[in-house]
Number of protein chains: 2
Amino acid sequence: MDESARLMTVLRPVRAGNAFEETVERLLQAIKLGVVPPGGKLPPERELAVRLGISRVTLREAIRALSDAGYLDVRRGRYGGAFVTYVPPEPDAGELRQAVARMGMAELSDALTFRLAVECGAAQVLAASALTPEQRAVLAGRLSDLNGAALEDYRRLDTAFHLSIAELTGSTLLTATCADARSRVSDLLNAIPMLQVNLDHAATQHRAIADAIFAGDPDAARQAVAEHLEGTAALLRAFLS
Amino acid sequence: MDESARLMTVLRPVRAGNAFEETVERLLQAIKLGVVPPGGKLPPERELAVRLGISRVTLREAIRALSDAGYLDVRRGRYGGAFVTYVPPEPDAGELRQAVARMGMAELSDALTFRLAVECGAAQVLAASALTPEQRAVLAGRLSDLNGAALEDYRRLDTAFHLSIAELTGSTLLTATCADARSRVSDLLNAIPMLQVNLDHAATQHRAIADAIFAGDPDAARQAVAEHLEGTAALLRAFLS
DNA sequence: GTTAATTGGGCTAGTCTCAGACCATTGATG
DNA sequence: CATCAATGGTCTGAGACTAGCCCAATTAAC
């Protein structure tokens, strides 16, 4: 552990790429996290460009790239727009190995650790706060949505449940960080087959997480999230070998 | 809690500002976190520009701005460079109120929540991992550095101790996030007067954090960090009213 | 049908940013 | 005192990015 490890961290690149690349990444995040569901429409270009803080030209280049790659279907005219056509690929060990190869083992481990830390942190903070009835209702709603989900909607609603925890803390920084952490492993998670045993197990763990939060028990919440994420990490490792 | 809260989060601005502004922010982070200590020298412009992924021209503009603002002293010639002249201001309630006014209460609350979540998450993850003797030595070293610190070095070494926890997890994403979280509140922390009672209290809590990590007890680590951070948050609130 | 509103498509002039080259200054070293 | 390596200071031409404008297509509503 180098004395100047902090220097490497703080003086890391200011920008991850050019505006085009970062915009593609961000839109891909919205699509893959299911923030804009399959069949859903992105906001109009003019509005989206303002939100993303970039010019319409750059945004259009990004949309064009995603359209060419098959993620979006762009239609002109009134009631037109950029519609999401992406559907997560069928779980497949080959896909997974490719995805892992693309990012590298070190980066994978980094991403998993990152996700574990921020999601546990979020759950713990939320459990430590006094929840309003509305907040409880939101979390309970997301959980029941997930439990009643069709197989094709499962990933999206699972993401929704997990991100709700960060959202309910009221911290936009934490929410953005959890979304970022999740998107870094979403391709991997999509490659895991959804066996009924695993889904049942996950449902129990989701229930435990929600219960700990409702009970206002930060340690139980932390532990429940940690167990849940360790579980998926274990599935990943098993599926890789 | 709007259904499209996630849309707001994911489709947030791609860039926080132009290259110049982001570079100033990053350098300021290095300075205020004490990554480059007072009297220390920034890396040469050519090298730093490459590390930050920006052009030398843009970097020089940022350095010029920080030099004009009194943070840096730039000297030409061999053995020259940009030297840090910044020393944290004396703790002062006026400063604190100004700093809070600059960022706003909502943002302050967001930053404190964020920091609580990520630092607890980091400590928990580290406690859950099997530490090598080298890792234990690093953490113990940082703790004893802090305990033997002169008053003028206290903040810097406190930062070093806290960031070490994230660093030791081996996750660069988590390290960068903790550094970011800390820098968002560093001006506030600097405004809190360093009373002996508080320092003693902090030393006990630091000890508890390290012990929990050494003992491999994630819950104790989480709890110790939470108590410590809640303590400084309480000092902040008290000092504000 | 015609209309009007909404949306994507495209152009241009100007600004920001970059890569690379060259100049100026400093101070340790011989 | 002369040298020279390391460093900041400066310029230029090219490419990326932006703001603002107008055009083209589509379709609900009349």
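## Helix H11 of chain A

Let's start with a helix length check: H11(A) has 23 residues that should span 33 Å at 1.5 Å a residue, and its end C-alpha atoms are 33 Å apart, which agrees. The expected span here is 1.5 Å times one less than the number of residues in the helix. Helices (H or I, at least four residues) and strands (E, at least two) are DSSP runs, numbered from the N terminus.

This is a predicted model, in which local features need pLDDT of at least 70, side-chain atom pairs count only at pLDDT 80 or more, and totals for chains, interfaces and linings use all residues. Residues are numbered from 1 along each chain as its sequence is written, while chains are lettered from A and ligands numbered from 1 in the order in which they are written.

Buried residues of H11(A) include A:Pro218, A:Ala221, A:Arg222, A:Val225, A:His228 and A:Thr232. A residue is buried if 20 or more other C-beta atoms lie within 10 Å of its own, exposed if 12 or fewer, and partly exposed in between, with C-beta atoms placed from the backbone. The buried residues of H11(A) pack against H6, H9 and helix H10 (196-214) of chain A, and against H6 (105-128) and H11 (218-240) of chain B.

## The nonpolar core

The largest nonpolar core holds 122 residues, and A:Ala122, A:Ala123, B:Ala122 and B:Ala123 have the most contacts inside it. Such a core is a set of buried Ala, Val, Leu, Ile, Met, Phe, Trp, Tyr and Cys residues joined through C-beta atoms within 7 Å.

Leaving aside residues up to four places away in sequence, A:Ala123 touches A:Ile165, A:Ile209, A:Ile213, A:Ala221, A:Arg222 and A:Val225. Contact here means that the C-beta atoms of two residues, placed from the backbone, lie within 7 Å.

## Two chains, one axis

Chains A and B each bring 54 residues to their contact. Helices giving two or more residues to the chain A side include H1 (5-10), H6 (105-128) and H11 (218-240), and H6(A) gives the most, with 12 residues. By class, that side has 29 nonpolar, 14 polar and 11 charged residues. Ala, Val, Leu, Ile, Met, Phe, Trp, Tyr, Cys and Pro count as nonpolar, Asp, Glu, Lys and Arg as charged, and the others, Gly among them, as polar.

## Around the DNA

DNA strand C is surrounded by 25 residues, the closest being A:Arg78, B:Asn18, B:Thr58, B:Gly77 and B:Arg78. A residue is near a strand if its C-beta atom, placed from the backbone, lies within 6 Å of it. DNA strand D is surrounded by 25 residues, with A:Asn18, A:Ser55, A:Thr58, A:Gly77 and A:Arg78 the closest. The surface near DNA strand D has nine nonpolar, eight polar and eight charged residues.
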